[in-house]
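Welcome! Take a moment to look over the sequence and the 3D view, and then we can walk through a few spots together.

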Amino acid sequence: MTGHGLSWSWLSERLDDALAHDDGLTQGQALTVAYSGGADSTALLHLCVQLCEYRSLTCQAIHINHQLSAQSDHWQAACQQQCDSLGIALLTRSVDVQDPDSSDSLETRCRDARYLAFGELLPANSLLLLAHHQQDQAETLLLNLCRGSGIRGLGGMPIIRSHQQIWIWRPLLDRSREQLLSYCQEWGLEWVDDPSNLDHQHRRNYLRHQVLPLLRGPWPGVDQTLTRCAELMQAHDAVHHALVDEALKSLMDNDRSSLDLDALGLRPVVIWLPIIRRWLWCQGLPLPSRLHGEELIRQLREASDDSALEVNWPGTRVTRYRQRLMAHSHAAIIDPETLPIIVLKGQQTDLPHPLGRLEWLALSAATVDHYPELDVVFISAESRIRLAGCTHSSRIRTLFQDAGIPPSERRLTPRLYENGRLLCIGDRWKTDAMRSLEQRLKIELRWFRETDHFEYNARH
């Protein structure tokens, strides 16, 4: 290893650290390098090829053509030539990021298009290497600071994280741009320069060429310092989310669809919003802005227990029912009157978004020869149901009330019929006939809502 501090053995040690850090990664994992053709990704690709040769791993590159320059196709051809010389495959995808109606910056549109393409081109659990370095991390922290970001934003870019079922790994975050250039020059590597990186109209470029050079005058080590600050913020964020997750588990109901406000009220007010934000994130719902978050906490503090509570922001509506906080997706609000009769066939049947799916679970190791065929409806004239083991029927409305299910969700709970006879409501209330059917076939009906697949992991 020379003055630039880069070698395949160094990268190999970093790979071992990544494999030990995340259970989702496995030994023998193929490596894919996001390759723009610039000096940074050229150095990383060269390192990765050497590493894969030593460890007998598969290496490939992926290039996203943003079609923003007259040179875009030339740069893609240069990437192909470099990969051919290294003896590795190159995956390519052209994307369209020109959207005059979008309020997002060009940088944001390009990033979103890249990540979407990565997810489409790479199989699940792929390991994708990005060549972000120390100066990139310093710029990211300053950008997020200027935007007023919280702890997670001030943590900058994580070394490793999952995104769209692939793993993103940035092994160069503690290496400088100068070290990467030195590596390329030592090995005689060629790269392309994108002139748009000099355009100061882009905020990141303005920080890179105007702000950071000024900071390096009185503080020569400012890039390392900002990178260290980002690492400290990431560690603090991990602790913060671990504490929030632990609190959240005791406040949610079984299907994670509501929060116990009485229990939340026993905790310090300062942690209310972090808990609520984490709960919304776990349901895949958009998070509130600072103003919407403040309004939600104000209503929680000032409104009486039996008064109405409702806060709306794009994509989400939060309400209260019986001292439980409920969240709803605006996009997922559907009219049960419009839902057709669905036939439950086979082991699993998908319901209209966002109602999840109905699935038969085997109760024994024996193979199930056939599954019953049942009708699934959401609106019915039935007002009563006789539950398994009971001699008298129960009012369906009372069952919903006793279970604390708000009116808005009752008509979106599937009801299953066989030859016109009500067998069950959801997977909670079942008749003797339904229990007999399950016992005879050694299966059990489960209703999986779309929030049931979320897991709590502070790293993600």
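Where is the place of Ser56? In this predicted model, Ser56 sits in the loop between helix H2 (39-55) and strand S2 (59-65). Ser56 counts as exposed because its relative accessibility is 66%, and the cut-off for exposed is over 50%.

Now step back to the whole protein chain. The chain has 460 residues, and 44% of them count as buried. Its C-alpha trace spans about 85 × 55 × 45 Å along the principal axes. The chain contains 15 helices and 20 strands.

Next, look for a patch of negative charge on the surface, where Asp96, Asp99, Asp101, Asp104 and Asp112 gather. One of these, Asp112, belongs to helix H4 (residues 106-121). Asp112 has a relative accessible area of 41%, so it is called partly exposed, a label for values between the buried limit of 20% and the exposed limit of 50%.

Here are the two residues with their accessibility side by side:

| Residue | Relative accessibility | Class |
|---|---|---|
| Ser56 | 66% | exposed |
| Asp112 | 41% | partly exposed |

Finally, how many bridges join strand S5 to strand S6? There are 4 bridges between S5 (residues 160-163) and S6 (residues 166-169), and the two strands run antiparallel. Arg161, for instance, has Ile168 in S6 as its bridge partner. S5 and S6 form a hairpin with 2 residues between them, and Gln164 in the turn has a positive phi of about 50°.

Note on methods. Residues numbered from 1 in each chain as written. Predicted model: local features only at pLDDT ≥ 70, side-chain atom pairs only at ≥ 80, totals over all residues. Heavy atoms only, no water. Patch = residues over 30% accessible without salt bridge, like charges linked within 9 Å, V, L, I, M, F, W, Y side chains within 5 Å. Areas by Shrake-Rupley, 256 points an atom, 1.4 Å probe, with all protein chains shown as cover. Salt bridge = Lys/Arg side-chain N within 4 Å of Asp/Glu carboxyl O. Lys, Arg positive; Asp, Glu negative; His and termini not counted. Charge placed at Lys NZ, Arg CZ, Asp CG, Glu CD. Buried < 20%, exposed > 50% of the residue type's maximum accessible area, 1.4 Å probe, protein only. Pairing = 2+ DSSP bridges.
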